[in-house]
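This report looks at how the parts of one chain pack together. It starts with the nonpolar core and then moves to the helices around it.

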Amino acid sequence: MKRISRDEYYMNIAIDVSKRATCTRRQIGSVVVNGDEIKSTGYNGNPRGLPHCDEIGCIRDEQNIPSGERMEVCTAVHAEQNALLQAGKGAKGAVLYTTIVPCNTCAKMIINAGIERVVYLDGYPETMGLDLLQQAGIPVEKLDLEGHE
């Protein structure tokens with residue numbers, strides 16, 4: 001029996017968290033880990049109290065907006081944003097595990113939250129967030145997870 005790495009362990013949790021997402025396009029999950037302790041999790045979906053896209057439909061689909069473009073039209077809060085909000089000051093010095101490369105807006109929040117490392121699973125057409133994290137000197141690593149497509 002091979003024991004999985006900590007990165008694999010936390011990414012598997014992020015994958016499970018993504019199963020709570022209410023986005024009809026893509027389900028994203030994130031986990032903030034500080035000192036080998038989970039501080040928070042987050043998944044993408046509309047703000048609390050508002051109807052979710054899995055109930056009312058996707059405005060981006062209705063307007064035929066391609067993936068990675070005009071993200072400001074989306075009404076959802078991103079998984080990374082939800083995880084950072086829940087972690088609060090516990091995010092400082094932490095690692096963020098996320099099932100997708102953070103977008104530009106999430107990257108700015110990650111930097112200001114004091115996240116020290118980002119581990120992601122899947123790429124995304126828009127790479128401004130990745131570029132910004134690298135510019136800020138935050139190590140960003142793509143995890144190749146066995147059995148993940």
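## The main core

The largest nonpolar core has 17 residues, and Val32, Ile110, Ile115, Val118 and Leu133 touch the most other members. A nonpolar core here is a set of buried Ala, Val, Leu, Ile, Met, Phe, Trp, Tyr and Cys residues joined through side-chain atoms within 4.5 Å. Buried means under 20% relative accessible area, exposed over 50%, and partly exposed in between, with a 1.4 Å probe and protein chains only. H4, H5, strand S4 (117-122) and helix H6 (128-135) each supply at least two residues of this core. H4 gives the most, with 3 residues. Helices (H or I, at least four residues) and strands (E, at least two) are DSSP runs numbered from the N terminus.

Ile115 is in contact with Val32, Leu84, Ala91, Ala94, Leu96, Ile110 and Ile138, leaving aside neighbours within four places in sequence. Contact means heavy atoms within 4.5 Å. A second, separate core has 13 residues, including Met11, Ala14, Val17 and Leu143.

## Basis of the model

The model is predicted: local features need pLDDT of at least 70, side-chain atom pairs count only at pLDDT 80 or more, and totals for chains, interfaces and linings use all residues. Residues are numbered from 1 along each chain as its sequence is written, and side-chain values use heavy atoms, with hydrogens and water left out.

## Helix H4 and its cover

Ala79, Glu80, Gln81, Ala83, Leu84 and Ala87 are the buried residues of H4. Their cover includes strand S1 (29-34), strand S2 (37-43), strand S3 (95-100) and H5. Just after H4, Gly88 takes a positive phi of about 55°.

Ala87 lies in H4. Its relative accessible area is 13%, so Ala87 is buried. Not counting residues up to four places away in sequence, Ala87 touches Val32, Lys39 and Ser40. Ala87 and Ser5 are 82 residues apart in sequence and 23 Å apart in space, C-alpha to C-alpha.

## H4 against H5

How do H4 and H5 cross? The axes of H4 (residues 79-87) and H5 (residues 104-113) come within 9 Å and cross at roughly 25°. Axes are lines fitted to C-alpha atoms, for helices over the stretch in contact, and angles run from 0 to 180 degrees between N-to-C directions. H4 and H5 are therefore roughly parallel to each other. Angles under 35 degrees count as roughly parallel, over 145 as roughly antiparallel, 65 to 115 as roughly perpendicular and the rest as oblique.

Glu80, Gln81 and Leu84 of H4 make the contact with Thr105, Cys106, Met109, Ile110 and Ala113 of H5.

## H5 against H6

H5 and H6 pack at an angle of about 25°, with axes 7 Å apart. That makes H5 roughly parallel to H6. Asn104, Ala107, Lys108, Ile110 and Ile111 in H5 meet Met128, Gly129, Leu132 and Leu133 in H6.

## Strand S5

Val140 is found in strand S5 (residues 140-142). With a relative accessible area of 18%, Val140 is buried. Leaving aside neighbours within four places in sequence, Val140 is in contact with Val118, Tyr120, Leu130 and Leu133. Val140 and Val95 are 45 residues apart in sequence and 9.9 Å apart in space, C-alpha to C-alpha.
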